[in-house]
Structure formats: C-alpha cells, structure tokens
Amino acid sequence: MSTPTVPSVLFVCVHNAGRSQMGAAFLTHLGGDRVEVRSAGSAPADTVNPAVVEALAEVGLDISAETPKVLTTEAVQASDVVITMGCGDACPYFPGKQYLDWKLDDPAGQGVDAVRPIRDEIERRIRGLLADLGVEAAG
C-alpha cells in the first residue's frame with residue numbers, strides 16, 4: 001500500500017511580508033497536515049507586516065513568530081502548486097508545476113483597515129484551492 005502524497009503549495013511575493021504570509025497562514029490553518037505549505041519572497045523584508053499580523057490575529061491566526069524567507073529554486077522544485085502574488089518575473093518557472101497568479105492589492109504600507117479585505121479575499125481563494133486539491137477545509 002502506497003503512502004498518499006500530500007499536495008505541496010508555495011506562496012511567493014516580493015517581500016514575503018504580507019500576501020504570501022496570509023496565504024500560508026490560511027492554508028496551514030484550513031489544510032492542516034493534509035497540505036504542505038511554504039512561503040517565500042524574491043526580496044524578503046526583515047519582518048512580517050505588522051498590519052498583516054494584526055489582521056490575521058483578528059480571525060484567530062497568530063503569525064507573530066513568522067519571518068520572511070528567501071525564495072529558493074529548491075522550494076519551487078519541491079512544490080506541486082506555486083501561487084505568485086505580485087512577484088512578476090522574479091519567480092522561477094519549472095515545467096510540470098501548476099502556477100496560479102493571484103492579483104491582490106499589496107498590503108505594504110497599509111493600515112489594518114486596508115489589509116482586512118485582502119485577508120478575506122485570500123481566505124476565499126484558499127478555500128477554493130483546497131477544493132481544487134481535493135482537500136477538505138477544517139472548520
């Protein structure tokens with residue numbers, strides 16, 4: 001009997017401080033151990049956007065300990081689905097991967113009021129992604 005493979009998803013944006021962190025947080029929360037989650041940035045910031053941390057805390061997700069990570073070729077190669085969020089040509093392309101480009105407003109420099117609709121749209125898209133992957137969302 002073979003071990004079922006867990007789909008692996010990589011979220012990529014430039015700074016790995018906002019959109020990709022929100023995507024990873026929602027997918028980790030809703031997908032649990034049924035999905036492998038990574039996030040990275042082509043030019044990572046020093047810290048996660050505080051407004052993003054606050055907006056996620058409002059919905060019960062704590063990413064205060066997360067730090068932006070640099071995008072590596074290995075991370076892309078190890079992922080089944082690569083979701084780009086405004087990183088343009090900085091994202092490496094590998095044949096055989098599923099690429100999704102989610103056009104979302106950049107929360108950089110925005111207050112929590114501006115981040116909430118971005119957060120809610122990301123959650124909606126994550127729920128759709130889980131359905132596409134055949135993974136039942138938790139909660």
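This is a predicted model: local features need pLDDT of at least 70, side-chain atom pairs count only at pLDDT 80 or more; totals for chains, interfaces and linings use all residues.
Colleague: What about strand 3 and strand 4: over how many bridges do they pair?
Modeller: Strand 3, residues 81-84, pairs with strand 4 over four bridges in the parallel sense. Within these strands, Thr 84 stands opposite Asp 101 of strand 4.

Colleague: Staying with helix 1, how do helix 1 and helix 4 cross?
Modeller: The axis of helix 1 and that of helix 4, residues 112-133, come within 9 Å and cross at roughly 45°. Helix 1 is therefore oblique to helix 4. The crossing of these two helices is right-handed.

Colleague: Which residues meet there?
Modeller: From helix 1, the residues are Arg 19, Met 22, Gly 23, Phe 26, Leu 27, Leu 30 and Gly 31. They meet Val 115, Ile 118, Arg 119, Ile 122, Glu 123, Ile 126, Arg 127, Leu 129 and Leu 130 of helix 4.

Colleague: And by class, what is in that contact?
Modeller: The contact of helix 1 with helix 4 has ten nonpolar, two polar and four charged residues.

Colleague: Changing topic to the loops, where is Asn 16?
Modeller: Asn 16 lies in the loop between strand 1 and helix 1. Its phi is near 50°, a positive value in a residue other than glycine.

Colleague: Is Asn 16 buried or exposed?
Modeller: Asn 16 is buried, as its relative accessible area is 0%, and the cut-off for buried is under 20%.

Colleague: What does Ala 17 contact?
Modeller: Ala 17 also belongs to the loop between strand 1 and helix 1, and it is buried, with a relative accessible area of 10%. Beyond its neighbours within four places in sequence, Ala 17 is in contact with Ala 45, Thr 47, Val 48, Asn 49, Val 52 and Pro 68. The C-alpha atoms of Ala 17 and Val 52 are 8.0 Å apart, although the two residues are 35 residues apart in sequence.

Colleague: Val 48 is on that list. Where is Val 48 found?
Modeller: Val 48 sits in the loop between strand 2 (36-41) and helix 2 (50-57). With a relative accessible area of 9%, Val 48 is buried.

Colleague: And which residues is Val 48 in contact with?
Modeller: Leaving aside neighbours within four places in sequence, the contacts of Val 48 are Ala 17, Gln 21, Val 53, Ile 63, Glu 66, Thr 67 and Pro 68. Arg 19 is 29 residues from Val 48 along the chain, and their C-alpha atoms are separated by 10 Å.

Colleague: Last one: what is the place of Ser 79?
Modeller: Ser 79 is in the loop between helix 3 (73-77) and strand 3. Ser 79 is buried, at a relative accessible area of 0%. Apart from neighbours within four places in sequence, Ser 79 is in contact with Ser 8, Val 9, Leu 10, Arg 38 and Lys 97.

Technical notes: Residues are numbered from 1 along each chain as its sequence is written. Side-chain values use heavy atoms; hydrogens and water are left out. Buried means under 20% relative accessible area, exposed over 50%, partly exposed in between (1.4 Å probe, protein chains only). Contact means heavy atoms within 4.5 Å. Two strands pair if DSSP finds at least two bridges between them. Axes are lines fitted to C-alpha atoms, for helices over the stretch in contact, and angles run from 0 to 180 degrees between N-to-C directions. Angles under 35 degrees count as roughly parallel, over 145 as roughly antiparallel, 65 to 115 as roughly perpendicular and the rest as oblique. A crossing is left-handed if the near helix is turned anticlockwise from the far one by less than a right angle, and right-handed if clockwise. Ala, Val, Leu, Ile, Met, Phe, Trp, Tyr, Cys and Pro count as nonpolar, Asp, Glu, Lys and Arg as charged, and the others, Gly among them, as polar.
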